[in-house]
Amino acid sequence: MNEKLIGVLSLAVIYAGLTGCGMKHTPAANSFQAPRSAAASTPSKKDIDCRVVSFKTDVLPALQESCLACHYSKSQMPGLDLSTANAYSDLVNRKSSLDAHLVLVKPSAVADSFLVEKLSPKPRYGASMPPYARPLSPAEKNLLTQWIQQGAKDN
């Protein structure tokens, strides 16, 4: 099976899993909450998988551990700065330097977020990231895709 099809199928599986979380929007609290079981005192795996993902505590530390060696300032190519102060603004709704039609992170659109593709084994453009450091684990990639699907909030 070709790698592009595998990538698309992988994204479809992730998306299907995310939409099956049972998350609901509560307008009064203006936030998403995973449903809670009154009978269970500890959260289920589904509740953990469906929690609101935080950029600052879940996504950014993983990106910095794997990507900061190359993306630590705007002077580094391709001008992507993943330092704490600039990471969010340099990722979300930012066009790729490889192709101006591609957006690094498009909120609520995992399949349209080029960062997800760059972290895959065979991206359309350039090399898979990171080329020198430890790749993101499947759990870290899952958190990244959940964060994007949840709207890529600066939280």
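This is a predicted model: local features need pLDDT of at least 70, side-chain atom pairs count only at pLDDT 80 or more; totals for chains, interfaces and linings use all residues.
Visitor: Where does Ser108 lie, and what is its phi?

Guide: Most residues other than glycine have a negative phi. Ser108, although not a glycine, has a positive phi of about 70°. Ser108 is in the loop between α4 and α5; helices (H or I, at least four residues) and strands (E, at least two) are DSSP runs, numbered from the N terminus. Asn93 belongs to the loop between α4 and α5, and its phi is also positive, near 60°. With 54% relative accessibility, Asn93 counts as exposed.

Visitor: Which residues does Lys106 touch?

Guide: Contact means heavy atoms within 4.5 Å. Leaving aside residues up to four places away in sequence, Lys106 touches Asn93, Asp112, Ser113 and Ile148. Lys106 sits in the loop between α4 (87-91) and α5 (114-118). Its C-alpha atom is separated by 5.5 Å from that of Asn93, a residue 13 places away along the chain. Lys106 is partly exposed, at a relative accessible area of 37%.

Visitor: Which peptide bond is cis?

Guide: Most peptide bonds are trans. The bond from Met129 to Pro130 is cis, with omega near -10°, and Pro130 lies in the loop between α5 and α6.

Visitor: At what angle do α3 and α6 pack?

Guide: Angles under 35 degrees count as roughly parallel, over 145 as roughly antiparallel, 65 to 115 as roughly perpendicular and the rest as oblique. Helix α3 (residues 55-67) packs against helix α6 (residues 138-149) at about 130°, their axes 10 Å apart, and the two are therefore oblique to each other. Phe55, Asp58, Val59 and Ala62 of α3 meet Glu140, Leu143, Leu144 and Trp147 of α6.

Visitor: How many helices and strands does the protein have?

Guide: The protein has six helices and two strands, in the order α-β-β-α-α-α-α-α from the N terminus. Of its 155 residues, 34% are buried.

Key
Residues are numbered from 1 along each chain as its sequence is written. Side-chain values use heavy atoms; hydrogens and water are left out. Axes are lines fitted to C-alpha atoms, for helices over the stretch in contact, and angles run from 0 to 180 degrees between N-to-C directions. Buried means under 20% relative accessible area, exposed over 50%, partly exposed in between (1.4 Å probe, protein chains only).
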